[in-house]
Amino acid sequence: MSLTEMTRPAILLLADTAAKQPGWRQLLLGMEEEGIPFVINDMDQQAMPLADRAHLAASVSPLSVGIAVGTEDIAVHDPHLPAHQPLFVLTRYPSRPAEEIRRLGCNAARLVKGLPFK
């Protein structure tokens with residue numbers, strides 16, 4: 001699926017091809033916990049900075065929320081924010097507690113639903 005073909009209502013997650021999913025699996029569980037679907041696409045980290053990838057994902061997502069996962073950081077973006085200014089950034093996520101990564105996924109889903117963040 002190319003980015004322009006996304007029609008299913010879902011949060012778009014652009015994952016660095018070198019990112020290891022076990023490190024950010026809790027992010028997916030947080031979105032599932034809130035009942036919001038997501039689509040994962042691989043994207044080469046050399047393509048653009050993490051914040052820009054998250055902004056691109058948010059701009060393409062029918063739900064207007066995008067996430068970029070790098071090898072060390074995760075960014076959540078809204079297309080109405082400047083590209084260089086994501087809503088949330090979680091740095092060094094492989095060393096973070098699982099609850100913190102899961103909360104980020106919950107908050108991305110809550111952005112879609114218009115609920116207060118955890």
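How exposed is E100, going by its relative accessible area? E100 is partly exposed, at 23%, where buried means under 20% relative accessible area, exposed over 50% and partly exposed in between, with a 1.4 Å probe and protein chains only. Keep in mind that this is a predicted model: local features need pLDDT of at least 70, side-chain atom pairs count only at pLDDT 80 or more, and totals for chains, interfaces and linings use all residues. Residues are numbered from 1 along each chain as its sequence is written, and side-chain values use heavy atoms, with hydrogens and water left out.

**Helix α3**

- Helices here are DSSP runs of H or I with at least four residues, strands are runs of E with at least two, and both are numbered from the N terminus.
- Helix α3 covers residues 98-113, and its end C-alpha atoms sit 23 Å apart. That agrees with the 22 Å that its 16 residues should span at 1.5 Å a residue, the expected span being 1.5 Å times one less than the number of residues.
- On the buried list for α3 are I101, L104, G105, C106, N107, A108, A109 and R110.
- The cover over those buried residues includes β1 (11-16), α1 (21-33), β3 (66-69), β4 (74-77) and β5 (88-90).
- Just past the end of α3, G114 has a positive phi of about 75 degrees.

**Salt bridges**

- The whole structure has six salt bridges, each being a side-chain nitrogen of Lys or Arg within 4 Å of a carboxyl oxygen of Asp or Glu.
- K118 and E33 pair up at 3.1 Å, N to O. K118 is in the segment after α3 and E33 is in helix α1, so to speak a link across distant parts of the chain, 85 residues apart.
- Both ends of that pair count as partly exposed: K118 at 48% relative accessibility and E33 at 43%.
- E34 and K113 meet at 2.9 Å, N to O. Because E34 lies in the loop between α1 and β2 (38-43) and K113 in helix α3, this pair ties together parts that are 79 residues apart in sequence.
- E34 is buried at 12% relative accessible area, whereas K113 is partly exposed at 38%.
- The lead residue, E100, has a salt bridge with R96 at 2.6 Å, N to O, and R96 counts as partly exposed at 26%.
- Salt bridges also link E33, E34, R102, R110, K113 and K118 into a network.

**Around H55**

- H55 is in helix α2 (residues 50-60) and is buried, with a relative accessible area of 17%.
- A polar atom of the H55 side chain lies 3.1 Å from the backbone oxygen of L81.
- Beyond its neighbours within four places in sequence, H55 is in contact (heavy atoms within 4.5 Å) with H77, D78, P79, L81, P82 and A83.

**Nonpolar cores**

- In soluble globular proteins, nonpolar side chains tend to be buried together.
- A nonpolar core here is a set of buried Ala, Val, Leu, Ile, Met, Phe, Trp, Tyr and Cys residues joined through side-chain atoms within 4.5 Å.
- The largest such core has 21 residues, and L13, W24, L27, M31, I67, V69 and I74 touch the most other members. Elements giving two or more residues to this core are β1, α1, β3, β4 and α3.
- Another core lies apart from the largest one, with seven residues, among them M6, L14, M43 and A57.

Key: A polar contact is a pair of N or O atoms within 3.5 Å; within protein, one must be able to donate a hydrogen and the other to accept it, and residues adjacent in sequence count only if both atoms are side-chain atoms.
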